[in-house]
Amino acid sequence: MSVTAVLGCLWGDEGKAKIVDALAAEADAIIRFQGGSNAGHTIVKDGEKYVFHLVPSGLLYPSKHCFLGAGTVIDPEMLIQEMDELKARGLSFEGRFFIDPRAAIVLPLHKELDGSREDEAGNSKIGTTRRGIGPAYADRASRIAPQLIDLMDTKILKNSLERIYRFHNRDIDDLDRVTDRLLRLGELLKPYFAQVPYILNRYYGSGKKLLFEGAQGSLLDIGFGTYPFVTSSYTTAGGISAGSGFPPNRIDRIIGVYKAYTTRVGEGPFPTELHDELGQRIREQGNEYGASTGRPRRCGWFDAVAARFTAMINGVTEGALTLVDVLSGIDTLKICVGYCVNGASVREMPFNMHDLENAQPIYVEMKGWNEDITGIRNYDDLPEATKQYIKTLEEMVGVRYTIISVGADRNQTIYRI
């Protein structure tokens with residue numbers, strides 16, 4: 001199999017970056033196809049932490065080629081800052097980092113709009129990162145967002161900026177200054193512009209291995225997530241082709257990434273959320289704080305209803321289970337197998353978010369384990385209670401976990417054939 005996709009299958013923060021990092025060792029190219037700098041992918045290599053926001057995390061491998069597809073939205077200032085920080089740590093971009101110039105630009109205006117909308121929403125706020133991602137995608141859908149390619153032409157860029165500011169009824173204080181700044185950023189990014197769809201399809205034709213790296217999670221998908229508390233792009237498998245120009249019938253393997261428990265950042269329904277000391281314990285043991293924002297993540301029990309739904313809509317062929325080690329020392333573990341909604345037992349993900357907000361989880365309980373599993377590398381060496389927990393999740397979700405993470409470091413991973 002030469003084409004693999006790694007997708008988060010909960011509300012994001014599932015540990016996708018570590019799985020991508022593990023699989024990138026055998027890949028030739030790693031591709032981001034959606035999202036923007038609101039993503040936070042953390043990798044620990046030899047005890048050293050790297051945080052990626054927009055740059056594909058496969059860049060840690062010196063020989064790999066990394067791509068940003070047209071389905072991403074790019075803040076030129078933040079991207080260059082991220083690139084500079086990674087270069088300072090010895091990572092190279094020359095000849096192996098490619099950007100599709102069809103990608104839309106995140107402007108300072110978009111950040112202003114994002115922040116003001118959150119402030120004005122009060123109790124109805126979404127809980128965005130305030131990085132302008134949603135407004136940028138909205139303007140793209142409205143066909144007024146500038147693209148990276150516009151940074152190559154002063155006249156086109158000025159016209160685009162005038163149009164978008166006029167659309168939002170905003171005055172642009174100094175059009176020449178904003179234009180000049182963006183043009184300078186464009187000159188820095190121009191060497192990386194490339195015809196990404198052509199390159200990826202040529203790679204495929206020559207037998208190279210491709211790895212698609214999803215951002216956020218399936219329950220944050222603009223179409224099938226817990227709307228309106230979602231991101232602004234298609235985070236599910238269908239977004240791969242739409243965001244990269246690579247045909248869907250050539251994707252061989254879709255790996256769904258699940259945490260051994262569930263977390264969520266921002267607002268929105270979360271039936272299995274723990275508001276007690278145990279929830280705080282999981283947060284601290286799992287270091288559940290946003291890589292992009294530092295916000296504490298909401299923590300709760302594993303939701304098999306939601307996990308089964310995302311496995312179905314993504315066509316997950318196998319799973320990766322992360323942060324299993326975080327549950328060590330908890331005497332009794334719970335798994336949500338259904339919801340009680342308006343007095344009725346429900347086994348399917350509700351399409352009505354008001355129902356999900358009021359849903360009461362139906363749990364099964366399992367015995368926990370006390371052993372430290374962070375040093376284990378063979379599945380058979382795991383405690384019996386750990387293996388039983390994993391087996392139960394597999395049965396409930398309908399996915400076999402072929403990769404199991406027992407720690408943050410690259411080598412703290414168990415592979416099952």
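Which residue in β5 is the bridge partner of isoleucine 31? It's phenylalanine 67. The structure here is a predicted model, where local features need pLDDT of at least 70 and side-chain atom pairs count only at pLDDT 80 or more, while totals for chains, interfaces and linings use all residues. Residues are numbered from 1 along each chain as its sequence is written, and side-chain values use heavy atoms, with hydrogens and water left out.

Isoleucine 31 belongs to strand β2 (residues 29-32); strands (E, at least two residues) and helices (H or I, at least four) are DSSP runs numbered from the N terminus. β2 pairs in the parallel sense with β5 (residues 65-68) over 4 bridges, pairing being called when DSSP finds at least two bridges between two strands. β2 also pairs with β9 (residues 210-213), again parallel and over 4 bridges, and there arginine 32 has glutamate 213 as its bridge partner. Both faces of β2 are covered, with Ala29 and Ile31 buried on one side and Ile30 and Arg32 buried on the other (buried: under 20% relative accessible area, 1.4 Å probe, protein chains only).

Over to the second largest pocket. Its lining takes in 19 residues, with Leu107, Pro108, Glu112, Tyr165 and Val178 nearest the centre. A pocket here is an open set of points on a 1 Å grid over the protein atoms alone, where a 1.4 Å probe fits, with protein on both sides within 12 Å along at least five of seven lines; lining residues have an atom within 4 Å of a point. Helices α2 (76-88), α3 (108-121) and α6 (175-189) each supply at least two lining residues, and α6 gives the largest share, 5 residues.

Technical notes. Buried means under 20% relative accessible area, exposed over 50%, partly exposed in between (1.4 Å probe, protein chains only).
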